[in-house]
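Student: I have a structure to read for class. Can we go through the strands and helices together?

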Amino acid sequence: MNLVLQGVGDCAARLQRIAALTAPKRVVTVSDNALRCEGITYTPALRQTIEIAAQAAHLDTTYMMGVRRLDEFKLVAMDMDSTLITIECIDEIADMQGLKPQVAEITEAAMRGELDFSESLKRRVALLEGLDANALERVYEERLRLSPGAERMLQAVQAAGLKTLLVSGGFTFFTERLKTRLGLDYTRANELEIVDGKLTGKVIGEIVDADVKRKSVEHVCAALGIMPEQAIVMGDGANDLKMMGIAGLSVAFRAKPVVREQASVALNYVGLDGILNLLQ
C-alpha cells in the first residue's frame with residue numbers, strides 16, 4: 001500500500017513528519033509539495049493516526065494500491081460550481097436580487113443531499129424571476145474565479161491527450177464561456193429562460209440532476225469509445241455522487257462530508273492540480 005501526502009506552501013517539514021509515522025519502505029519525492037510513502041503496512045489504527053495528524057498539519061492524504069499513471073485515463077469530467085470554480089453561480093445571481101441568503105440555504109441543503117436537486121433548483125430559479133439578464137454577465141466578470149490549481153490541472157491533462165467534460169447543475173451561460181476560455185471539449189448544463197432581457201424564473205428543458213450528470217459522463221465515454229473506468233470525475237456535492245460512482249478515479253474537491261466519504265480521493269487543502277501528484 002502506498003500513501004501520497006501533499007500540502008500547500010512551505011510544507012516540507014510537515015510532510016516529512018507525517019511520512020515518518022507510516023514507517024514506509026521508501027519515500028519518493030513526487031513534487032515540491034508531495035511525498036509518496038511506499039510499502040506501508042496498512043491497518044485501520046494506522047490510518048486513524050495518519051488522518052488525525054495530517055488534518056492537524058493541513059495535509060491531504062490518499063491511499064493507493066501501487067502507482068497510477070495519467071495515461072491510464074482518457075477523460076476528465078468536472079462539476080462546475082464550487083469545483084472548477086470557487087462560487088455557486090446561482091447564489092451570486094440571487095445576490096443581485098438581494099436574495100442570496102435564501103437561495104444559498106437551499107443550495108447548501110441540496111449539496112448535502114438533504115433536498116432533491118431538481119426540486120431545489122426549480123425553487124431557487126423561481127426566486128430569480130424578473131431579474132435583468134445582464135446580472136449573469138456581471139457575475140461572470142466580477143465574481144467567477146477558477147479554483148486553485150484548475151488551469152495547471154487542465155493544461156496537464158490536455159497536454160497528455162485527455163478530453164475534458166464540464167457537466168453542471170448550473171447554467172449554460174457560464175459553462176459555454178468557460179468552454180471557450182479553457183478549451184474544454186464538452187459541456188452540459190441547465191439553460192435559464194430569458195424573455196425580453198429578463199429571467200422568467202424557469203429552466204428550459206431537462207434539468208441536469210445527478211442522473212443526467214451520470215448519463216452525460218456515460219454518453220461522452222461512449223462517444224470516445226472508452227469505458228467509464230477510464231474517466232476521472234471531480235465534484236463536491238451530493239448530486240455529483242452518481243457520476244463519480246462510475247469513474248475509474250473519483251475526486252472530492254473541498255467537498256461535503258458525504259462526498260468525501262465515497263470518493264477515491266479527497267482534496268481538502270491542495271488545489272485541483274493535486275491529482276497530478278497522484279498520477280505519476
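Student: In what order do the four strands of the open sheet run?

Tutor: This is a predicted model. Strands of a sheet pair through backbone hydrogen bonds, either parallel or antiparallel. Here the pairing is antiparallel, and the order is S2-S3-S1-S4.

Student: Which strands stand at the edges?

Tutor: Look for strands with a single partner strand. One side of each is left without a neighbour in the sheet, so they are edge strands: S2 (26-31) and S4 (60-64).

Student: How much is the average twist from one strand to the next?

Tutor: Go along the sheet strand by strand. The twist from one to the next averages 20°.

Student: What is the bridge partner of Ser31 in S3?

Tutor: Start with the strand pair. S2 pairs with S3 (residues 34-38) over five bridges, in the antiparallel sense. Ser31 has its bridge partner in S3, and that residue is Ala34.

Student: At about what angle does helix H2 run to S4?

Tutor: H1 (residues 12-21) lies across S1 (2-6) and S3, at about 10° to S3. H2 (residues 44-56) lies across S1 and S4. Its angle to S4 is about 150°.

Student: Is Ser120 buried or exposed?

Tutor: Ser120 is found in helix H5 (residues 117-126). Its relative accessibility is 1%. Buried means under 20%. Therefore Ser120 counts as buried.

Key: Residues are numbered from 1 along each chain as its sequence is written. This is a predicted model: local features need pLDDT of at least 70, side-chain atom pairs count only at pLDDT 80 or more; totals for chains, interfaces and linings use all residues. Side-chain values use heavy atoms; hydrogens and water are left out. Two strands pair if DSSP finds at least two bridges between them. Helices (H or I, at least four residues) and strands (E, at least two) are DSSP runs, numbered from the N terminus. Axes are lines fitted to C-alpha atoms, for helices over the stretch in contact, and angles run from 0 to 180 degrees between N-to-C directions. Contact means heavy atoms within 4.5 Å. Buried means under 20% relative accessible area, exposed over 50%, partly exposed in between (1.4 Å probe, protein chains only).
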